[in-house]
Amino acid sequence: MIPGAFEFHAVNTVQEALKLLNAHEDAKIIAGGHSLLPMMKLRFAEPTHLIDINGIPSLKGITEEGDSLHIGAMTNENELIRSELLQRRCPLLVEVAKLIADPQIRNRGTIGGDIAHGDPGNDHPAVMMALDAEFVIQSEQGERVVPANGFFLGTYWTGLEDGELISSIRVPAFSADTGFGFHKLKRKTGDFATAAATVVLRLQGDRVEHIRIAMTNVGPCAFRAEAAERILLGNSPSDALIEEAALAVQSACEPVKDLSGDEEYKAAMAAEMMRRALHDALQTAGATA
Amino acid sequence: MSKRAISFNLNGESVDAMVEDRELLVHVLREQLNKTGTHIGCETSHCGVCTVDLDGESVKSCTILAVQVAGRSVMSVEGLKDQSGLHAVQQAFIDEHGLQCGFCTTGMLMRAYRFLKENPDPSEEEIRWGMSGNLCRCTGYQNIIKAVQSAAKKLKNVEQTA
């Protein structure tokens with residue numbers, strides 16, 4: 001399988017990339033290419049110009065700015081896994097990256113590409129929502145910073161406008177008492193999630209003071225299970241309350257039936273992934289169960 | 001359709017090719033440079049049979065454009081052996097019967113080669129995780145794992161005696 005015809009441009013600066021993006025209708029940015037190239041082979045995508053941003057050094061790497069972690073959009077999954085800084089200040093991202101695709105693909109697939117692509121099966125969108133991350137977006141008009149919550153609008157549909165690219169991701173660093181959990185059900189290595197859940201929380205005594213529950217691949221795009229969050233917020237998470245929250249997750253799901261399961265199965269698995277992620281989050285937050 | 005000239009390092013030698021922008025690395029390796037050891041399997045980056053080294057990292061050459069490797073270093077399975085003979089991973093796949101039909105083998109060899117550089121002393125579980133991007137449809141996984149274990153041992157002995 002070979003993609004349709006296009007003109008290839010390798011660029012070394014964000015300005016060059018934006019200029020080309022504006023100059024050509026149907027131009028696409030190529031990051032790791034492991035979603036875009038397969039789609040082009042199948043003619044689901046037929047850009048006339050491909051702008052390769054792999055050669056832009058400023059889009060790579062992870063730095064710490066006070067309590068904020070700045071992750072270059074072109075940082076790949078293996079770089080997330082190997083990051084000592086993330087391991088220390090946001091270990092959730094390391095755990096998530098380990099479960100994405102396989103070793104070869106993790107050398108190519110980037111966090112920014114995973115976010116910008118808008119596939120409901122991608123893992124970073126829900127994780128970004130659970131982390132209250134922000135995306136730094138560049139265009140020829142300048143820079144804007146948008147929250148992850150509200151960015152994902154539908155399948156292959158995000159808040160990214162024509163002529164824009166994501167240059168970096170800002171993630172609030174965890175404090176010592178941040179609890180987190182990520183559980184992903186997949187049939188085999190390299191598969192997208194049948195369902196996945198991310199939980200980030202903090203406790204005040206035995207009460208939930210802050211909670212984010214975000215779901216992957218059980219709706220048209222990543223989403224927060226806000227009803228479930230409300231059930232737990234301000235309360236001590238008893239078994240009965242956790243069960244109530246799990247049912248709220250289940251009814252919030254709108255999965256698509258495919259080879260990995262029907263709607264009912266996927267919603268039930270989403271609830272189970274949430275139970276497990278919540279369990280891990282309570283443990284890492286130091287809850288005395 | 002217009003073509004452009006690219007040069008890159010393949011198995012230690014500089015090579016030139018005329019490629020269309022849309023041509024994939026695996027096609028250029030096989031059809032222009034006659035390095036047919038790199039196989040084409042699923043063509044959708046799932047199976048790993050087209051695995052090569054790009055600047056010292058394993059990648060799937062069905063999902064990299066040839067134009068993207070201009071100026072860079074690629075190693076294919078043909079680059080594994082040297083004057084003294086087969087590489088330790090190749091010999092280990094023979095010794096441990098790490099192949100049945102052999103179709104996935106070249107990808108397995110290239111991934112095992114790079115994986116053992118990343119992790120020279122892996123546990124069995126780490127091998128399974130490290131090799132998880134390569135599929136064997138004969139399902140001969142047990143012997144593939146044994147072959148990687150055997151190669152790790154051999155490479156460690158070579159290092160110790162060197």
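User: How many residues of chain B are in contact with chain A?
Analyst: The model is a predicted one. Contact here needs C-beta atoms, placed from the backbone, within 7 Å. On the chain A side 22 residues take part, and on the chain B side the number is 21.

User: Which element gives the largest share of the side of chain B that touches chain A?
Analyst: That side of chain B divides into 5 nonpolar, 11 polar and 5 charged residues. The largest share is 4 residues, and they come from strand 4 (residues 57-60) of chain B.

User: In what order do the strands of the open sheet in chain B run?
Analyst: The sheet has 5 strands and its pairing is mixed. Its edge strands, each pairing on one side only, are strand 2 (13-19) and strand 4 of chain B. Neighbouring strands are turned by 40 degrees against each other on average, direction ignored. The order is 2-1-5-3-4.

User: Which residue is the bridge partner of B:Leu54 in strand 5 of chain B?
Analyst: Strand 3 (residues 51-54) and strand 5 (residues 73-75) of chain B pair in the antiparallel sense over 2 bridges. The partner of B:Leu54 in strand 5 of chain B is B:Val74.

User: At about what angle does helix 3 of chain B run to strand 3 of chain B?
Analyst: Along the sequence, chain B follows the pattern β-β-α-β-β-β-α-α-α-α. Helix 3 (residues 105-118) of chain B lies across strand 3 and strand 4 of chain B. Its angle to strand 3 of chain B is about 35 degrees.

User: What is the radius of gyration of chain B?
Analyst: The secondary structure of chain B comes to 5 helices and 5 strands. For its 162 residues the globule rule gives 15 Å, and the computed value is close to that, so chain B is as compact as a globular protein of that length. The radius of gyration of chain B is 16 Å.

User: And what is the radius of gyration of chain A?
Analyst: Chain A has 11 helices and 14 strands. The globule rule gives 19 Å for 289 residues, and chain A comes close to it, so this chain is as compact as a globular protein of that length. The radius of gyration of chain A is 19 Å.

User: Why is strand 10 of chain A described as largely enclosed by the rest of the structure, and how many of its residues are buried?
Analyst: Strand 10 (residues 165-172) of chain A pairs in the antiparallel sense with strand 5 (residues 68-72) of chain A over 5 bridges. It also pairs in the antiparallel sense with strand 6 (residues 134-139) of chain A, over 5 bridges. Strand 10 of chain A is largely enclosed because, of its 8 residues, the number buried is 6.

User: Which residue of strand 10 of chain A is the bridge partner of A:Ile137?
Analyst: In strand 10 of chain A, A:Ile169 is the bridge partner of A:Ile71. For A:Ile137 the partner in that strand is A:Ile166.

User: Against which elements do the buried residues of helix 11 of chain A pack?
Analyst: Helix 11 (residues 263-284) of chain A has 22 residues and reaches 31 Å, close to the 32 Å expected. Its buried residues include A:Ala267, A:Met274 and A:Leu278. They pack against strand 11 (179-185), strand 12 (195-204), strand 13 (207-216) and helix 10 (239-252) of chain A.

Definitions and conventions:
Residues numbered from 1 in each chain as written. Chains lettered and ligands numbered in written order. Predicted model: local features only at pLDDT ≥ 70, side-chain atom pairs only at ≥ 80, totals over all residues. Contact = placed C-beta atoms within 7 Å. Nonpolar A, V, L, I, M, F, W, Y, C, P; charged D, E, K, R; others polar. Buried ≥ 20, exposed ≤ 12 C-beta atoms within 10 Å, placed from the backbone. Pairing = 2+ DSSP bridges. Rg over C-alpha atoms; globule rule 2.2 N^0.38 Å. Expected span 1.5 Å × (residues − 1). Axes fitted to C-alpha atoms, helices over the stretch in contact; angles between N-to-C directions.
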